[in-house]
Amino acid sequence: MPKRRPDHIPTRTCAACRVARPKREMDRLVRIGDGSVHRDLTGRLPGRGTYICHEPDCRDPERMAAAVRRALGAEPAPGTIAIEVNDAAT
Ligand SMILES: [Zn+2]
């Protein structure tokens, strides 16, 4: 059984602000087979993924769309990446 260092926290880099943060503070967005972009609530969707942090600036729909376009090469359909700020409480 592998030892886990208690201080080890996996981090991901935000596609919008490029800051690395703990994975649980990020939302994963995935481009699936048909080219559409979805928010991955389970962290298990297959496809190419990127992460967006919870900073209000990064939640700006235009900035988020630009980040997704850059990271995934896909244009998110309006509404698909709408993320409610109060989701962060969960
Ligand atoms: Zn960010």
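What is the mean pLDDT of the protein, and what share of its residues reach 70 or more? The mean pLDDT (the predictor's confidence in each residue, from 0 to 100) is 83, and 83% of the residues reach 70 or more. Over residues 84–90, however, the pLDDT is below 50, and this stretch has 2 contacts in the model beyond near neighbours in sequence; two residues are counted as in contact if their C-beta atoms, placed from the backbone, lie within 7 Å. Where pLDDT is low, the predicted coordinates should not be read in detail. The structure is a predicted model, in which local features need pLDDT of at least 70 and side-chain atom pairs count only at pLDDT 80 or more, while totals for chains, interfaces and linings use all residues. Residues are numbered from 1 along each chain as its sequence is written.

The secondary structure consists of 1 helix and 5 strands, arranged along the sequence in the pattern β-β-β-β-β-α. Helices (H or I, at least four residues) and strands (E, at least two) are DSSP runs, numbered from the N terminus. Among contacts between residues at least 6 apart in sequence, 48% join residues at least 24 apart.

An open sheet of 3 strands has the order E4-E3-E5, with antiparallel pairing. Its edge strands are E4 and E5, each of which pairs on one side only. Neighbouring strands of the sheet are turned by 30° against each other on average, direction ignored. Two strands are said to pair if DSSP finds at least two bridges between them. In general, strands of a sheet pair through backbone hydrogen bonds, either parallel or antiparallel.

Strand E3 (residues 26–31) is joined to strand E4 (residues 37–40) by 4 bridges. E3 and E4 form a hairpin with 5 residues between them, and Gly35 in the turn has a positive phi of about 90°. E3 also pairs with E5 in the antiparallel sense, over 6 bridges; the bridge partner of Met26 in E5 is Cys53. Helix H1 lies across E3, E4 and E5 and runs at about 150° to E5, where axes are lines fitted to C-alpha atoms, for helices over the stretch in contact, and angles run from 0 to 180 degrees between N-to-C directions.

Buried residues make up 22% of the 90 residues. A residue is buried if 20 or more other C-beta atoms lie within 10 Å of its own, exposed if 12 or fewer, and partly exposed in between. Leaving aside neighbours within four places in sequence, Ala16 is in contact with Ile52, Cys58, Arg63, Met64 and Ala67.

Ala20 is found in strand E2 (residues 20–22). Ala20 is classed as partly exposed because 13 other C-beta atoms lie within 10 Å. Not counting residues up to four places away in sequence, Ala20 touches Thr11, Arg12 and Thr13. The C-alpha atoms of Ala20 and Tyr51, 31 residues apart along the chain, are separated by 9.7 Å.
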